[in-house]
Amino acid sequence: GTQMHGPAGGAVFAAPTIDAKRGVLYAGTGDGYTSEGSDSTDAVIALDLGTGERRWTSQVLARDSWILGCGNGQAGANCPNSLGPDYDFASPPILAKLRGGRQMIVAGAKSGILYGFDPQAAGRRLWRVALVHGSSNGGILWGPAADAQLAYVATSEYDYRSGRGPGGISAVDIATGRLVWTHAAPVLDCAWGRERCSQGQIAAVTVIPGAVFSGALDGRLRAYRSRDGKVLWQFDTARDFPAVNGGTATGGGIDFGGQIVANGMLFVHSGSTRTRGHALLAFSVDGR
């Protein structure tokens, strides 16, 4: 007997991206929370920096309504009539500048699809490429990275119930959406055993000239050669380390934010709510 209201949802749960040249803020949005549809769910939207007014919306999937706890025989009072696949944009849109000076917006969704939009044509969608099977756990989750030619996209088929699933990384030509290379993570046992051991690459990607860093939920961090995906270096962070402040730092799965590169150092957070771990590791080329 309670009056229901809608639409609701389209939440923004990743940092927005500022386009200072055009005076615009870009944001990726999530799914809807009600049966009533909206044009701003599962979309990239552009807001005027000065006024907050919406400049344009480019929606990739309509009527994707989803709430945690609905479905699987559960019928909450506020559950949508029909559940969608939960294909949010969970990471910031990338405003990439190509070698010729042209700009593109690149955004990855939990559907496992990477999209290219034209910021000069009201966000017109130029291409889409499906890299992996999507799910509510996120085929593409915490953020691709890009240089002037390629977008580097970590992918995952992680299953929350089993704690397992494969992963990998792909490179896509920003101008055309063409898949340039892909590299599947080898299926190896985790340091803590096979239970809840996933090779899913959910964490955000970090790129520097010539190399791309991507970590996996099994704790392994790899540097890939940017032009062809060859593994240049790898390190298993899922072990114990003597901590500089005393005691022991325990590594685990690599999740959430990407690695930080600064002043010749590589900083890596190892540990996740999906796995054990609470370590911050610092690497240098010469080991100092």
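R220 has a relative accessible area of 13% and is therefore buried, where buried means under 20% relative accessible area, exposed over 50% and partly exposed in between, with a 1.4 Å probe and protein chains only. Its salt-bridge partner is D236, with the closest N and O atoms 3.9 Å apart; a salt bridge is a side-chain nitrogen of Lys or Arg within 4 Å of a carboxyl oxygen of Asp or Glu. This pair links distant parts of the chain, R220 lying in strand β15 (residues 220-225) and D236 in strand β16 (residues 231-236), 16 residues apart, the strands being DSSP runs (E, at least two residues) numbered from the N terminus. D236 counts as partly exposed because its relative accessibility is 26%.

The model is predicted, so that local features need pLDDT of at least 70 and side-chain atom pairs count only at pLDDT 80 or more, whereas totals for chains, interfaces and linings use all residues. Residues are numbered from 1 along each chain as its sequence is written, and side-chain values use heavy atoms, with hydrogens and water left out.

The structure holds eleven salt bridges, and three of them are set out below.

| Salt bridge | N to O distance |
|---|---|
| D236 and R220 | 3.9 Å |
| D189 and R194 | 3.0 Å |
| R274 and D255 | 2.4 Å |

The side chains of R274 and D255 meet in a salt bridge, and this pair links distant parts of the chain, with R274 in the loop between β20 and β21 and D255 in the loop between β18 (248-250) and β19 (260-262), 19 residues apart. Both R274 and D255 are buried. Salt bridges that share partners also join D86, D88 and K110 into one network. For the bridge of D189 with R194, D189 is partly exposed because its relative accessible area is 41%, while R194 counts as exposed because its relative accessibility is 58%.

R274 also takes part in lining the largest cavity, together with Y158, G163, R196, S198, L217 and T275. On a 1 Å grid over the protein atoms alone, a cavity is a set of points where a 1.4 Å probe fits but cannot get out, and a pocket is an open set with protein on both sides within 12 Å along at least five of seven lines, lining residues having an atom within 4 Å of a point. The largest cavity has a volume of about 40 Å³, and the structure holds three cavities of 30 Å³ or more. The second largest pocket has a volume of about 200 Å³, and β20 and β21 (279-284) are the elements that give two or more residues to its lining. Among the residues lining this pocket are I208, W233, M265, L266 and F283.

Two disulfides are found in a search of the whole structure, a disulfide being a pair of cysteine sulfur atoms within 2.5 Å. One joins C70 to C79 with an S to S distance of 2.0 Å; its link is left-handed, with -90° about the S-S bond, and both C70 and C79 are buried. The other joins C190 to C197 with an S to S distance of 2.1 Å, and its torsion about the S-S bond is about 90°, so this disulfide is right-handed. C190 counts as buried because its relative accessibility is 6%, and C197 counts as buried because its relative accessibility is 2%. With the bonded cysteines of the protein numbered in sequence order, the pairing is 1-2, 3-4.

Definitions and conventions: Points joined across faces, edges and corners; volume = space filled by probe spheres on them. Helix = DSSP H or I, 4+ residues; strand = E, 2+ residues; numbered from the N terminus.
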